[in-house]
Amino acid sequence: MTVEGAAPEACDLLVEAGHVVPVEPHGVVLDDHAVAVRDGAIVALLPRAEARARFAPAEVVSRPGGVLLPGFVNAHTHNPMTLMRGIADDLPLKVWLQQHIWPIEAAVMAPDFVADGVTLAIAEMLRGGTTSCNENYFFPDVQAAVYRRHGFRARVGLPVIDFPTAWASGDDEYFDKAGAVHDQWRGDPLVATAFAPHAPYTVNDANFERVRMLADQLDVPVHLHLHETAQEVEQSLKEHGQRPIARLDRLGLVNDRLIAVHMTQLTEAEIHLCAERGVSVVHCPESNLKLASGFCPACALERAGVNLAIGTDGCASNNDLDMVGETRTAALLAKAVAQDAAGFDAFTALRAATLGGAKAIGFDHLVGSLEPGKQADMACIDLRELETQPLHHVVSQLVYAAGRHQVSDVWIAGAAKLRGRELVDMDPAALVANARQWRTRMAGIRTGA
């Protein structure tokens, strides 16, 4: 409340929008509201007229035809692989991975590949309203530096896998390097770390136990692919006598640190186990559809009380980082799988793509909803275009009709990253030119030239 006669409060930014969807509280749309930002954090969310009376902002951004919402959180991605977009399409997971992706990666994986791929991905994510991601790839030291340089919020995975790569030659080196990267970025306001053991079929029991011990000591999440395909489950039963999640439970990893990605093969008991232990599940519907991996039972998980997030996976298997489109696919697929048209409604899907993702990666105290005290990670989507008219229901239009091309503005910690659809401090033409030279290099590798 403004005290009559009191001097207006200073703030850095006031964003006025025709509609604000704060996500928390759930199911709320605020018409003709504004968000005030100071020192990178939200200080107030209030009606526009009251905001103008209370604050003296250094900058005002007025979007009367826009919807202001928390930035999307892409809860599972392999962003360096943006440079491999479309390189091996229309293949099953095992063939795609072992006969195409891994051989090409072996030839190109190096710091420059990782840096250039992440940079391209950041630009694409910003243009689609994404402000945070959960990364899973090699050279996490390079990734972290690139995210920080561009002011992008990220949880960077510390890879663990049972075979040598360009990043590490063996078990001890994977863990030594993981510790060094974690120490380097401990306490950074934008970049944090997680352990990222690749999957149950590529990590042995001893390394999983080591991950569990260190994750507990360092207080970081564990991010891995789990129950992605029926073949993975069958292989685990044959080799370990247990389904993958039961094996992880035996090793002490099924807890509230676990970020379980894909989860297309689940029994009712496994769903309830995830709910009881506080596991977060990341639904990657488009990648799972494209690789014919199966269907995550999103409605059943949500109804059991499991925290659900949404991720695009990498561009080599999706083929984009479009969280607007991914959220729509997640909502539609969930209904079909559950045979329930009322399941996973628009508000629930949007929550999974924002606050659910933030909670999964341990950022929910910072982002995921528009609340005073949280960081001002925000996106504005323009719904005035004919494709989203007439506007009967704001969140239905966001989830079921809007496209990422309608994202007009993006802020991270109150800093403008996309303004009037134009990237701030990034050169699209240079990014495209660089991507093209990587295409030429990889074409030579594939043909043996």
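How many strands form the open sheet, and in what order do they come? Load the model and let's find out. It is a predicted one, so to speak plainly about cut-offs: local features need pLDDT of at least 70, side-chain atom pairs count only at pLDDT 80 or more, and totals for chains, interfaces and linings use all residues. Residues are numbered from 1 along each chain as its sequence is written, and side-chain values use heavy atoms, with hydrogens and water left out.

**Stop one: the sheet.** Colour the strands (DSSP runs of E, at least two residues, numbered from the N terminus). Eight of them make an open sheet with mixed pairing, ordered β3-β2-β1-β4-β13-β14-β15-β16. Two strands pair if DSSP finds at least two bridges between them. At the edges you'll find β3 (41-47) and β16 (422-423), each pairing on one side only. Zoom in on β16: two bridges join it to β15 (residues 415-419), and the two run antiparallel. Select Arg 419 and you'll see that its bridge partner in β16 is Glu 422.

**Stop two: the helix across it.** Now show α3; helices are DSSP runs of H or I, at least four residues. α3 lies across β14 (407-412), β15 and β16, at about 120° to β14. Contact here means heavy atoms within 4.5 Å; axes are lines fitted to C-alpha atoms, for helices over the stretch in contact, with angles from 0 to 180 degrees between N-to-C directions.

**Stop three: rings.** Rings of Phe, Tyr and Trp (its six-membered ring) pair if their centres lie within 6.5 Å; planes under 30 degrees apart are stacked, over 60 edge-to-face, and the rest tilted. That rule gives seven aromatic pairs. Pick Phe 113 and Trp 438, an edge-to-face pair at 5.4 Å centre to centre with 75° between the planes. Phe 113 is in helix α3 (residues 111-127) and Trp 438 in helix α15 (residues 428-447), so this pair ties together parts 325 residues apart in sequence.

**Last stop: charges over rings.** What sits over the ring of Trp 438? The charged end of Arg 441, 3.8 Å from the ring centre. The test is NZ of Lys or CZ of Arg within 6 Å of the centre and within 35 degrees of the ring normal. Then jump to Trp 167, where Lys 177 lies over the face at 4.3 Å from the ring centre. Trp 167 is buried, with a relative accessible area of 4%.

Methods: Buried < 20%, exposed > 50% of the residue type's maximum accessible area, 1.4 Å probe, protein only.
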